[in-house]
Structure formats: structure tokens, C-alpha cells
Amino acid sequence: MASKASSKVVLSNRNYVAEAKMRNHFVITDQPVEKGGDNNGPTPVEYLLTAIGGCVSITLRTYAENKKWDVGEITVNVTQQIRLTSQGIKKSLVEEISFEKEITKAQKETLLEVAGTCPVVEMVKGNTEIVTNIQ
């Protein structure tokens, strides 16, 4: 069985500053000043968008290398869209993917499909169960 990914997050007493540890890596999350934070780091949503972009780019690179396609640098810009509809607030994510090198129409269609197979995208879109306990 594959190893489990994990993150331990501790929210400090300083407004919304949280310290997270993943393996031997440390990051800070915070809220912007206008939302009561000190703007010491990205928000959790910004980290989620980054996780999606990172996963999509790695998935595309792996596929392209396996096919021996030289696509050059891969850029994935992920944006959260929020709009008010007649049913209330609607949130969506938009991914804009670009390649440094020119790709064919067939490659573009294939890579568009492959982008949706990254594990983080599948987790966000799918039915990943979250079990919550308070100790």
C-alpha cells in the first residue's frame, strides 16, 4: 500500500496564523489583513489552488515525457471564481494551462484529458471521504 500523505496544522494565538508541517517541510497559512489576519502567508484556499496547479503540471510533464513530447515549460494558472446566481453563491475553479513549446491539436486534446487525472483534481472533484474526530 502507498504511504499516506499527511499534514499537521497548528493555529497559533496570533490571529489566523497557522503553522503546518508536511514530512520535513514547514509552511505558514494566514488570512489577509482585511479578513482579520496579518498576511504572513497564503490562505488555505491559495494552497489548495497551488496544490491543484502543481499536481496538474507534474501529471502533464510525466505524460509528455512518457510520450517523448517536448512541451517545454508548463504553466498552470488556477483561479477561484465566485459569482452570485439565483440559487445563491456559486464557486468554481478555472485552470488555464499553457506550454512553452507548440503542441498539436491532438496533443492538446489528449493533455486536456490527462490534466483531469491528477490525484489532487480527482480528490477535489470526487467523493473523497473525510472522517473528522475531536480528541
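Predicted model: local features only at pLDDT ≥ 70, side-chain atom pairs only at ≥ 80, totals over all residues.
Local features need pLDDT of at least 70 and side-chain atom pairs count only at pLDDT 80 or more, while totals for chains, interfaces and linings use all residues. Numbering starts from 1 along each chain as its sequence is written, and side-chain values use heavy atoms, with hydrogens and water left out.

**View 1. The largest pocket holds about 1,100 Å³ of space.** Here a pocket is an open set of points on a 1 Å grid over the protein atoms alone, where a 1.4 Å probe fits, with protein on both sides within 12 Å along at least five of seven lines; lining residues have an atom within 4 Å of a point. Volume is the space filled by probe spheres set on the points, which are joined across faces, edges and corners. Of its 20 lining residues, A5, S6, S7, M22 and A51 sit closest to the centre.

View 2. (Helices are DSSP runs of H or I, at least four residues; strands are runs of E, at least two; both are numbered from the N terminus.) Domain 1 (7-42) and domain 2 (44-125) each give at least three residues, with bounds from an automatic or database domain assignment.

**View 3. The second largest pocket has a volume of about 390 Å³.** It's lined by 17 residues, with E95, I97, L112, A115 and G116 nearest its centre. β5 (88-99) gives the most, 5 residues.
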